[in-house]
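User: Here is a structure that I would like to go through with you in a few questions, from a helix up to the whole assembly.

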Number of protein chains: 2
Amino acid sequence: MIRNIFTILFALITYGIAAQTSITGFTPENSKKQQQLESAFEAKLNTKNLDQWMKRMSAEPHWVGTEFGRKNAEWIQKQFKSWGYDAKIETYHVLFPYPKVRLVELTAPTTYTAKLTAVAVEGDIYTAQGDALLPSYNAFSTDGDVEAELVFVNYGIPQDYEALEKLGISVKGKIVIAKYAGSWRGIKPKLAAEKGAIGCIIYSDPQDDGYVRGDVYPKGAFKNKTGVQRGSVMDMPTYPGDVLTPGYGATKDAKRLDRKDAPTITKIPVLPISYEDAQPLLAALDGTVAPKSWKGGLPITYHIGPGPAKVHLKLEFDWQLKPAHNVIATLKGTEYPDQWVMRGNHHDAWVHGANDPISGMVALMEEARAIGELAKKGNKPKRTLVYCAWDAEEPGLIGSTEWVEDHKKELQQKVVAYINTDANGRGFLGAGGSHTLQAMVGEVASAVKDPQRGVSIKERRSAANLVNGGTEEFSLYALGSGSDYTPFIQHAGIAALNLGFGGENAGGEYHTIYDTYPHYKRFKDPGFAYGIALANTAGRITLRLANADVLPFEFKQWHNTVSTYLNEVMTSCTDMRKEVEKHNSMVDKNVFELAADPKKPFKKPIKKESVPYLDFAPLQNALTTLESNIQEFSKLNITTLSKEDRNSLNKKLMFAEHVLTSESGLPRRSWYKHQIYAPGFYTGYGVKTLPGVREAIEQKNWKEAQEQIIKLAATLNDFSKHIQKMTAIH
Amino acid sequence: MIRNIFTILFALITYGIAAQTSITGFTPENSKKQQQLESAFEAKLNTKNLDQWMKRMSAEPHWVGTEFGRKNAEWIQKQFKSWGYDAKIETYHVLFPYPKVRLVELTAPTTYTAKLTAVAVEGDIYTAQGDALLPSYNAFSTDGDVEAELVFVNYGIPQDYEALEKLGISVKGKIVIAKYAGSWRGIKPKLAAEKGAIGCIIYSDPQDDGYVRGDVYPKGAFKNKTGVQRGSVMDMPTYPGDVLTPGYGATKDAKRLDRKDAPTITKIPVLPISYEDAQPLLAALDGTVAPKSWKGGLPITYHIGPGPAKVHLKLEFDWQLKPAHNVIATLKGTEYPDQWVMRGNHHDAWVHGANDPISGMVALMEEARAIGELAKKGNKPKRTLVYCAWDAEEPGLIGSTEWVEDHKKELQQKVVAYINTDANGRGFLGAGGSHTLQAMVGEVASAVKDPQRGVSIKERRSAANLVNGGTEEFSLYALGSGSDYTPFIQHAGIAALNLGFGGENAGGEYHTIYDTYPHYKRFKDPGFAYGIALANTAGRITLRLANADVLPFEFKQWHNTVSTYLNEVMTSCTDMRKEVEKHNSMVDKNVFELAADPKKPFKKPIKKESVPYLDFAPLQNALTTLESNIQEFSKLNITTLSKEDRNSLNKKLMFAEHVLTSESGLPRRSWYKHQIYAPGFYTGYGVKTLPGVREAIEQKNWKEAQEQIIKLAATLNDFSKHIQKMTAIH
C-alpha cells in the first residue's frame, strides 16, 4: 500500500493514539523504529533530576552578570559534557542597567515615600536573602528625576488614552500611574511618552495580581501587598537584544551605539511598585471617577486626577556592559550533520526564577540527558541537535538575540527548526509556532500522556477548549514575542515552536522575589510530572525532526490558518467601516452630547475619517494559487522518493519559513522580517498576524495598508513558487 | 381630510414636536384645545413647591405607623383640599414588624459583633436623629435564633446555587451570606431556605454599592462603610400587601390569618448588614476561593466556606397591626364622572425618604395643584381624576394593595388607567407599563422638554439608547413589581404606567439613613428640574386620558411587543435544547472531568433531561388573528363616530387590559392574574413576560408549559374578540 505523508496524518488524527502505527515524515519501517526510540526516551525521564537541579540552580539570584549566573552556565555546560555533548559557552557583552537610585514619593496633598521592598516570608528562606536580591525596577528605563501631578491611566494602552481623550484629560507634563496587565509592560512607558507624560509608574493591582485572585503568599500563591514584578521595558517591538548593537552580535569588539542614541531605551523614567505602595498614591487622586472597567481591587474610589496628588520620581542606573553566557551544546547528527534541530531555554532569572526560567530549563536538561544516554547506546540522531541555555533573556531576549544575529548566515542555512521552552506549570499544553509544524506537533501531542488524567495531552487540551467554548481541533497559537524564539522566527526566518504547560498553576510570583523553589513545589508543578511531560513532548518533537525521512512540514493546515488571518483582517476593515459610519451618523444627530451628563466631563466627539475599500484581491489570489499548489504537493509519496530527492526536498522544506520573510522587514522596524507573525507595535508580546497589513489598518494608514497588501502578496507568491519547486522534485 | 388615530400617530413619530398639530384620541379641534390646556398646565409648575414640600415631608422618619407618617398623610390631604379636591384618608390595619432584637456575631474562628448602626455624617443633621431612625432590618423576616457555619453564596440567586452544586458545596444547615443586587432582596432568603439554609445575611458589597462605584457619603453620593439598605423580604411574587389578608382589604374587622400561617413571611431569619460589618465575617471564611464573577470590592480574598467562620444570628420582632393611611383625592369629571384616571405615589419611607418616595410625591402634588388651579378657572377634566398618596408601600406595597383589593370591583368598572410614580432623579425618562399605552406615552414624551439639553425627553432617551447600543425607537419596559402599580395591573387587570427620570443620579442612599434632603439636593435633582419634568409628563398623560374623545389605547405597538416576547420564549426553548444537547455530548465525551483541575473541588456533571419540542402554534395562530383584527380596528375613524359610539368604544377600551387577565391567575400564585406581565417567581421585581409559559419553560416543567400555552392562547383569542367587538362599533 502506498502511503503519503498526508494520508498518514489523516489516519492519525482520525484514530488517535491506538492507531499510531506510522508517523508523518517517516517511512512505515522507520516509523516503527522512531516510536521505539521515543518510548525508550520517555522511559529514561526522571522527576528527581528536575527537582534536584531546580533546587540547585534557583538557590541564589542569578540575573545576567552575576557570579551565580556564571556558575550556573558553567554547571550546565558540565552537565551537557557529561551526557556526551560538545558544549561550549559563548559570551556576549551587553548593556545592562543596575538600579542605583529608586525614589517614588507623594509630595502633595499628603506625603508618602514608597517602600519599594518586598518582605521576606515565613517558610521561604530564599526570600530572606536581603541585599542579594535584585531591587525591583524596570530594566532599560532611562535615568530621570521628575516631579508632577499624577494621572491614573488604567492599563496605559491605546484604548485607555482614547477614553481619556473623550473625558478631555491630558497626561502632558504629568506622571502617569498604570496597572500591570492589559499589554506587555514596555508599551506603558512608550505610549505615555508619546502622549507627553514625563514619568511612568506601573503597579500590580490586587484585582489582576493579588488578593482578589486568591490567597497571597505565603498562605497562597498570589502576590502579597509588597511583591513587585520586575521586567524589561526595552522597546522590543522595535528590536530586542542588546540596545547598543542592533542587528549584529554584541561581541567584545563590536561597534556600539552611544547610549543616548539607543532607540530602545525608554524616553521617560519608569518604575514598578507594589499595591501597598500604590494605594496612598491612588487614594490621593481626585477629579473624575475612573470608568467602571478601570477599577481595581484596592479599597478606594479610583479617581483619574490629574492631581491633586503630586509625585516625585527619581531613577538612576549603573549602565555597564555585562557578560551574557550562552551555553551551546551539540550532538552531531550521523546522516545530516549540517541540518540542525535546535532546542533552547534561558537560564538567567530576575531573582531566583524557580519557575521562570528554571522549570523549563530542567525539563530541557532532562530531555537532553535522556537523548544523550540513548546516543551513547548507539541511538544517535540523524541530524545534529543543538541545545542552548540562554543568558540575559529577562532584560530583552539579549543572549539569544545576540547569538542569532552573530551566527545568522550559518543558522539560516543549517537550522531545521528551533524549539523553545521557558517557565513551565501544571495543566494543559500550550503550543505556539510556525503553522507548517502544527500537524506534526498535534501528532506528538496525541502520543504524550497527561500525567493527571491519563488521556493524551492533546485530548486534555481539546477538553479544556470545549469547556471554554472553543473547538476540539488542535492548533498552534501564533508567536508574538516574549521568549527566545523571537530572533529565530521573527528575525532569521527559521521555523520555531514554543511549548509549555499551564492553566492550573496561577500565582503572583512572576518576576518577584517569591519565584522560589518552595513556591514552585507548593503551587506550580509539585511532583514535576508536567516537567517530565514537557521533556517528553519537546524531546519527541526534537527526535522526530532529527530522524525524519522527510521533514514533517505540512502546508494545508498552514494555509487554513493564514486564510483565517486574512479573513480576520478583511472583516476588521469592514467592521471599522461600519463603526465609523455609525459613529459619524451619531455625531450628525448629536446623540453623544444629548446622552451625556452635563455634570460630568465630556468632550464632544468629532466625525472620523471614513474607511476606504482596500484591494485585498492580490492576497485572495495568492492564497487561492497557494491552495492548489499545496494540494499538488500533498500528493507526493515519500516512500517512492529516491534518497537524493529526499535530500533535495528536505533542504527546501527547511528553507520554507525563510521564504515567508522579507529582507526589508516591517515598516519602521526592519529587524522584524517575518511577514506572517510579529509582536504588535502597541501590544508588545501580543502577536499581530499578517502584521504589515493588519497594523497599517489599525493605525488607519490606508496607503501603507495597500502597499503592505502588495508586499505580502509577493511573499505569498514566492512561497507558492517554493512549494511548486518542492513538488517538482521526483 | 379624514384622519384616524394611527395615521396621526405616525405623523407625530415622523415629524417630531414641530408637527404636533393633532394628538392621538382627540378630534383635530379638541387636539388644539388640549395642547393649549397642557401648555397652561406646564406654565403653572413651580420648582419652589417641590423643594419646600420635600424639606417638610422628609424632615423626620415616617415609616408606616409613625406619628410623622400620619401627620404627612393629613398634611397631604389638607393640600389636596386646598386645591379643590375632595380628599379623604382611607386607613387599613396591617401587620408590621418592628425589630426588637438584632444580633449578628462571628463566634469562630475569631469573634466579632456586628455594629448594625450607620453613623451620622457631617453636614447632614437628619442622619443624627439617633433612636428616631428605624433600625436597619428586613421587614417580614421571621423571628429566629440560629448558629451555624457561614457560606458565601454570591447574590444568592438560582445560578449561584448551580455554581455551588458544581463545586459540591451545600448550604444545608448553614447560614448564608449574600451580596445585595442581582435580584430583588426577598429572593435571597426564599432560595436559601429552599436549599436548606437556616439563616441569611445580606450585605451591600462596595463593588455594587460603595466606594468602588464612587466617593462615599458625605464626600460623594455612594454608600459609606456603615450604610445599610433596609427593605421588605415578604414573598411578594406570591402576593404583596398585608400578609394576613391575602386578596381582600385589611379593614379593621377583616378576618385575618394566624401569623404562623402567613405564607409570605420568610421561612428563615434574615438581616441586612453594612460592608464594614460583613468584612470580618467574609474574611473568616476559608475553603474554595470564590469564582471570579463572585468577587466583590472588599480588600480580601473571597472564599466560599463553609466555615471555619461560624455565625450566630438572632432576630426578634414586635409584630403589631399598624394603621396605613392612604390619601385619596378626587376631582370629579364633567362628562364622564364614572371614568377614573388614577395617579399615585407612596408617602411612607424607610427613614426620611427624600428620594424614595418624596421626590416622586412632590412632583405628583405639584401636578395635582396645577390641575386643580386650572379646574378652578373652568378647565375641569372630562373624566374624574383620582390622586393617591399610598402608605406602607415599603414593607410590601401594602397601602395600595389593600385599597385595590378592598375596592376591586368598582375599580375594574371605572378606572381607565393608573399612572404611578415613585423615587425620581436626574437624566432620562424611564417609562414602563401596558403596551397599549406606548404610542400615547411616546407622543407625550415628544412634547416635554428635557431641562438640561433642550430637546424633547423622547429625543434624549433615544440618544441614550443609541449611545448604549440600542435602537432609537421609544418603548415602554414591561412592568414586574416594585411599586404601587402592581395591584392595579397584576391583580385587578387595569392598564398601568410607571414613570420616572434617572441615569444621572447614582448613589448609595436607597433605604438608608442617608436618603435625606441634603443628599437629594447635592446628588439627585438639585434644582428639581426633573421633578418638574416628571410632573409635566405625568400630568400631560393624566390630562390626555382625562379629556380624550377616544381613549388613546393603541394595539399595533402592543402586538409588536407581545410578538417579540413570544419569539424570545420560543428562542429560549431552542437555545435550551441546543445547550442541553451540547452539555450531554460533552458529558458523553467526559470533557468536563478531563478539563477539571484535579486539585480543585469538582462534581462530575450528569446528563440533563432533553428539551422536548413544545407546540407553540396556538400562540402563533392567536397572534396572527390578532394582527388582522388590530389592522381592521386601526381603520376606525374617530371623527366620524357618533358620541354614543365613542362612549361604547371608550367603555370597551378601558376594559381591554382586563381581558388580558385570567381569574385563576398564574400557577401557584393566583393573586397574579395578568397573562402578559408578572414579577418573576425567582427574580422578584424583575419582570417575566408571558409569565405562565416562560416560567414553566425556565423551570423545565414541560407539561405545565404546554398547558400555559393553551391558556395564554385562549386569553389572546379573547382579546382578539374584544378588538373585533370594538371594530364593530359604528
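User: Which elements do the buried residues of α6(A) pack against?

Analyst: This is a predicted model, in which local features need pLDDT of at least 70, side-chain atom pairs count only at pLDDT 80 or more, and totals for chains, interfaces and linings use all residues. Residues are numbered from 1 along each chain as its sequence is written, while chains are lettered from A and ligands numbered from 1 in the order in which they are written. Helices (H or I, at least four residues) and strands (E, at least two) are DSSP runs, numbered from the N terminus, and the partners of the buried residues of α6(A) are α5 (158-166), β5 (175-179), β6 (199-203) and β8 (270-273) of chain A.

User: How many of the residues of helix α6 of chain A are buried?

Analyst: A residue is buried if 20 or more other C-beta atoms lie within 10 Å of its own, exposed if 12 or fewer, and partly exposed in between, with C-beta atoms placed from the backbone. Among the buried residues of α6(A) are A:I187, A:K188 and A:L191. Helix α6 (residues 187-194) of chain A is mostly covered, and its buried count is seven of eight.

User: Which helix gives the largest share of the side of domain 1 of chain A that touches domain 2 of chain A?

Analyst: Chain A is divided into domain 1 (46-94 + 322-547) and domain 2 (556-727), with bounds from an automatic or database domain assignment. Counting two residues as in contact if their C-beta atoms, placed from the backbone, lie within 7 Å, the contact takes 19 residues from domain 1 of chain A and 21 residues from domain 2 of chain A. On the domain 1 side, α11 (438-447) and α13 (485-491) of chain A each supply at least two residues, and the largest share, three residues, belongs to α13(A).

User: Which element gives the largest share of the side of chain B that touches chain A?

Analyst: Between the chains, 27 residues of chain B are in contact with 27 residues of chain A. Two or more residues of the chain B side come from each of α13 (457-467) and α18 (591-595) of chain B. The largest share, six residues, comes from α13(B).
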